[in-house]
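Here is a short report on two ligands and the residues around them. Look at the sequence and structure, then read on.

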Amino acid sequence: MTAIPPIPLNTLSSALAVRTHCPYCAFQCGILMGEDLGADMPRVSGDPHFPVNNGQLCIKGWTSSALLDHPERVTTTQLRDSRGEWRDASWEEAFDFIAGKFKTIRQRHGANANGVFGSGALTNEKTYLLGKFARVALGTANIDYNGRFCMSSAAAAQNRAFGIDRGLPFPIADLEHAEVVMLVGANTADTLPPMMQWFDRQKKARGRLIVADPRRTDTARAADMFLQLTPGTDLALANGLLYVALEERLTDERYIAERTTGFDAVRAVALQYHPARVERLTGVPESQLRQATRWLATARASMVLTSRGTEQHSKGVESVHSWINLMLALGKVGKPHSGYGTLTGQGNGQGGREHGQKADQLPGYRLIEVDAHREAIAKVWGVDPESLPRKGKSAFELLDSLGSEIRGLFVMGSNVAVAAPHLSRIEQRLKSLELLVVCDSFHNETSAHAHVFLPVYQWAEEDGTMTNLEGRVIRRRAVSRPPPGPRSDLDVLRELAVRLGCGEKFAFRTAESVFNELRRATAGATADYSGITYSKIESSDGVFWPCPSEDHPGSLRLFAERFHHPDGRARFFAVEHRPAGEEPDAEFPLFFTTGRYKEHYNSGAQTRLVSRLRNAKPIPRLELHPRLARRHRVVTGSRVTVESRRAKMEFVAEVTADIRPDTLFAPFHWGGRDAANLLTSGVLDPISRMPEFKLTAVRIAGVRP
Ligand SMILES: Nc1nc2c(c(=O)[nH]1)N[C@H]1C(S)=C(S)[C@@H](COP(=O)(O)OP(=O)(O)OC[C@H]3O[C@@H](n4cnc5c(=O)[nH]c(N)nc54)[C@H](O)[C@@H]3O)O[C@H]1N2
Ligand SMILES: Nc1nc2c(c(=O)[nH]1)N[C@H]1C(S)=C(S)[C@@H](COP(=O)(O)OP(=O)(O)OC[C@H]3O[C@@H](n4cnc5c(=O)[nH]c(N)nc54)[C@H](O)[C@@H]3O)O[C@H]1N2
Ligand code: SF4
Ligand SMILES: [Mo]
């Protein structure tokens, strides 16, 4: 599972160790951390008692403490001098400078000319306060976050279908008891490695795993059936399985009648997806279509889990609908150890999409365009509902309006100059800002364009809560002493609010006091945290939302009796396959898709600094099939120029029979000339505004030995 042998747990004395959680992904592995253990002692070890990872960590988790005292950590506040060089500044000077600029921009161009870009890496407390800061202190509608690039398609589809968006409506331990699990566009062996233990257990209990991916990944190798579909055809595949289910009378008509609405339209559409047509569209043979359907339908308990491979498309929302439709038609959603789920990505990808840093949203998954929701939040914040801005621009649209409509940008927890699509355009936009503020612990490709850098605490240096991919609210604890210099993100927001004239609304001195306001703000909302307290989390392994009162145990599982729409029923949505924003053609005949390495995290801003990770994966490599490689005289190690309609870039090739012959793959963890996002397009899903990271039409434009 991991290249590093597990460090024996007893090397970390439990007397000194504190239970907390990994800084990176949504699995939020429990870790034990100790300070002052002596140089030869590991500071991080897997928490054997946290029931999600059970002591396992991936290589990123094992090495996570390397960043805490990393030599490249920035510990002084920095401003650009007149020559464009960084110079040290005091916090006071930096705060005054930023607040002054925000005010000038607001006076000249209006409140919406200041923008805020947040992150699924932030704790619930930071997420909440950042949303309040944008709406109350800046008065801007324009706040969005990197979760728009991550979870927005699955979130939108779940909200529409179920009336609620909790990534997994059941605890991860339910996987063990699912007879059949189908992973669609998920490479968990690399992206959530400790999750593989649950598939091992499931297999021991005679379960089956199906994987659908254009690449035969390590996850696919662990599967009993592998569907190597054409990129961008997940929706056609799901509709094809539903066709088979209808033809073979495997649908659950009673469940459909009692618990859902809208199936007639879906049935009519699905009947257009004859296996021969679906085989042509997806490349998946009819025999596999039939077998996969039978496994999912006849199992007592079965699940479909999607991830970014299915969702990061201009039809991402509809693709998720197609899988939800299938599982509803089979009568699986809400049954024990069964249903549909999405694998949330970022550490607080779940909480980050609930508490008000989305352009269209207020805390508790309330909606900024709904009057009753505005009133509820305005009351908690002590402001006039009329004063709250309306819906703002989504992440890519926000970035694309920098320098024109938006003149000042405040970034907390994202490296947009690597992570956003159509990068050459976004870089130009960043360069044209009057004010760019980056709060981070390290310089990255985005701060290269900044006017102010604010050095902040890291994960192990402050308290807060995170909500993991199961909807479990957990505690991150201050374990490590920060170096002198940095401050908490929460302090930064408070100090800026003071200078923007509303300090009294941000007078929080602890994360817990922010959480207590968040609890009030979410009371009665869909994502209700009002019954969750720090002490309740302390005395458990976390509390699942919704949790509407202090004596409520939390909601381990959803949908057993009803869905969250007013009528209690789930909704079908009839969805049709359609071409991607940019399909391969004569000029650009190949698919280019992007994803992740086990060793690096997202934009790589953090993991490229960890020598063990950087040495394991120093550069991005272009995966291509031997047949395609022969045609272009490419061998492993050749330098291959890949060209899309937006850019050309050179990769080192890795020839592998594990990828489809019509598809190229590269990871997106690097910036500058190595940024895969130079090639990708700004085509967005019309509902979620998710960019099409997983499909770009390209050609091979040159090869050097
Ligand atoms: N090591 C590591 N772990 C991580 C992260 C990381 O950066 N590195 N990031 C975290 C975050 S934020 C996220 S969002 C998750 C992402 O976790 P995953 O979704 O598992 O990761 P990806 O590699 O982006 O994409 C998964 C798979 O989608 C496949 N794919 C590409 N196009 C298509 C398609 O059209 N259809 C289908 N079905 N599959 C397709 C790719 O080949 C890839 O294997 O990982 C989290 N965990
Ligand atoms: N081509 C392509 N592009 C993609 C994707 C893809 O699959 N393909 N995936 C997309 C997805 S799913 C995601 S999630 C994005 C992620 O990409 P980014 O939004 O760039 O996310 P990270 O690389 O995690 O950046 C996090 C930054 O925040 C800092 N940070 C971490 N914690 C904190 C904190 O508490 N406070 C502050 N102030 N800073 C913090 C880190 O040091 C780092 O610099 O990329 C998206 N871009
Ligand atoms: S799987 Fe995710 S949470 Fe667990 S150790 Fe790896 S990066 Fe950290
Ligand atoms: Mo993500």
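## Ligand surroundings

The shell around ligand 1 takes at least three residues from each of domain 2 (156–342) and domain 3 (590–704); domain bounds come from an automatic or database domain assignment. This is a predicted model, where local features need pLDDT of at least 70, side-chain atom pairs count only at pLDDT 80 or more, and totals for chains, interfaces and linings use all residues. Residues are numbered from 1 along each chain as its sequence is written, chains are lettered from A and ligands numbered from 1 in the order written, and side-chain values use heavy atoms, without hydrogens and water.

Ligand 1 is surrounded by 33 residues (a heavy atom within 4 Å). The closest are D234, S307, R596, H600 and N602. The shell holds 9 nonpolar, 15 polar and 9 charged residues (Ala, Val, Leu, Ile, Met, Phe, Trp, Tyr, Cys and Pro count as nonpolar, Asp, Glu, Lys and Arg as charged, the others, Gly among them, as polar).

Polar contacts are pairs of N or O atoms within 3.5 Å.

| Residue | Protein atom | Ligand 1 atom | Distance |
|---|---|---|---|
| H313 | polar side-chain atom | oxygen | 3.1 Å |
| R596 | polar side-chain atom | oxygen | 2.6 Å |
| Y597 | polar backbone atom | nitrogen | 2.8 Å |

Taken alone, ligand 1 exposes 910 Å², and the protein buries 99% of that (Shrake-Rupley method, 1.4 Å probe).

Ligand 3 has C22, Y24, C25, Q28, C29, L57, C58, K60, G61, P193 and P194 around it. Its shell divides into 8 nonpolar, 2 polar and 1 charged.

How values were computed
A polar contact is a pair of N or O atoms within 3.5 Å; within protein, one must be able to donate a hydrogen and the other to accept it, and residues adjacent in sequence count only if both atoms are side-chain atoms.
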